[in-house]
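User: I am new to this structure and would like to learn how to read a few of its features. Could you take me through them step by step?

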Amino acid sequence: MDLPPLPKPSLALSIVVPCHNEAGALPLLLPRLLNACRTAAGENFEIILVNDGSTDPTWAMIEKAAAAGLPVTGVNLARRYGQQIALSAGLSLCRGARTLIIDADLQDPPELVTEMMGLMDAGADVVYGQRRKRPGEGVFKRVSAALFYRLMQTIGDHALPADAGDFRLINRRVWELLQKMPERQRYLRGMIAWVGLKQVPLVYDRAPRVNGRSNYPLSRMLHFALDGITSFSVVPLRLSLWLSIGCGMLALLMLVYVALSWLFFGTIRGWTSLACMMLFFFGLQFFCIGMIGEYVGRIYLESKQRPLFVIDRVIGRS
């Protein structure tokens, strides 16, 4: 399928902010974001706020900011799609030569955009924030995140930076490459890392959330992690193959054990252990089938080729 030509950048900087129930954070975010952008790019910038199915006054506040004459573009999605799709919707509208991706909770300081711009002036194609400290996050979340990044570095088909979220600055070349990636199971930090080119970390200390709580409960975190693994690694499929080979070898050993027991020890005991082994192997089979099903399900979703998102309304765009 031929893609339409991508627009040329008309601004120095675009900022994309996904928003889901961020009414408490937006009054704190916008002043800091505006000041940071003016320091980094003068008045030659835009802020794209994407409302991802909020149920609080988030969209009304975005409308008010856009109507006040601020360089704010409000994007209202037709329903809630999730953070990664909301980011993709905002990215599709960017007009900047460089684009900053940042969350609305102010855990990632917007003032770092000036330093990021400096690193990009020095030749970087991507400048990603690398977290040194993560206050306000529980031990389980910190440990699980660390384990996930190390796992992705081990089994992934490309290097995924450790301790780095979606907070990053990308140039227009990387932006154009992202627009050519049509997959529905979006894992943007992995997609940007896959591009390669020159990617430079900016180490910083993350701040606690300024309002509310994370929109990523454990179930969504697990789903997000599964998207990352299945989008950038086939190791789970190969693991199923190796597990089946291992089980086959174990079955041969058990056959030898049964034959020797029958020849030298008479009656074979151990019905309980036999039942446990059967349950174990059945569970292993279902695990392998489930893992294959995850990949097949993703192929099914991609094959339908539905639009990635539906935008209900765009305001404040000149």
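This is a predicted model: local features need pLDDT of at least 70, side-chain atom pairs count only at pLDDT 80 or more; totals for chains, interfaces and linings use all residues.

User: Are F167 and Y204 buried or exposed?

Analyst: Buried means under 20% relative accessible area. F167 has a relative accessible area of 3% and is therefore buried, and Y204, at 4% relative accessibility, counts as buried too.

User: Which charged residues sit over a ring?

Analyst: Here one looks for the charged end of a side chain placed over the face of a ring. The charged end of R79 sits over the ring of Y81, 4.0 Å from the ring centre, and R172 lies over the face of W175, at 3.7 Å from the centre of that ring.

User: Which residues of helix α6 are buried, and where do they lie around the helix?

Analyst: In α6 (residues 172–179) the buried residues are R172, V174, W175 and L178. Viewed down the axis of α6, they fall within an arc of 160 degrees, so they line one face of the helix. These buried residues pack against α3 (83–91), β4 (96–101), β5 (126–133), β6 and α7 (188–195).

User: How should I describe the packing of α6 and α7?

Analyst: Two packed helices are described by the angle between their axes and the distance between the axes. For α6 and α7, the axes come within 10 Å and cross at roughly 115 degrees, and the crossing is right-handed. Where the two helices meet, V174, L177 and L178 of α6 are in contact with L188, M191, I192 and V195 of α7.

User: Where is P110, and what is it in contact with?

Analyst: P110 is found in the loop between β4 and α4 (113–121), and with a relative accessible area of 1% it is buried. Leaving aside neighbours within four places in sequence, P110 contacts R32, L33, A36 and I102. P110 and R32 are 78 residues apart in sequence, yet their C-alpha atoms are 6.9 Å apart in space.

Conventions:
Residues are numbered from 1 along each chain as its sequence is written. Side-chain values use heavy atoms; hydrogens and water are left out. Buried means under 20% relative accessible area, exposed over 50%, partly exposed in between (1.4 Å probe, protein chains only). A charge sits over a ring if NZ of Lys or CZ of Arg is within 6 Å of the ring centre and within 35 degrees of the ring normal. Helices (H or I, at least four residues) and strands (E, at least two) are DSSP runs, numbered from the N terminus. The arc is that of the directions from the helix axis to the C-beta atoms. Contact means heavy atoms within 4.5 Å. Axes are lines fitted to C-alpha atoms, for helices over the stretch in contact, and angles run from 0 to 180 degrees between N-to-C directions. A crossing is left-handed if the near helix is turned anticlockwise from the far one by less than a right angle, and right-handed if clockwise.
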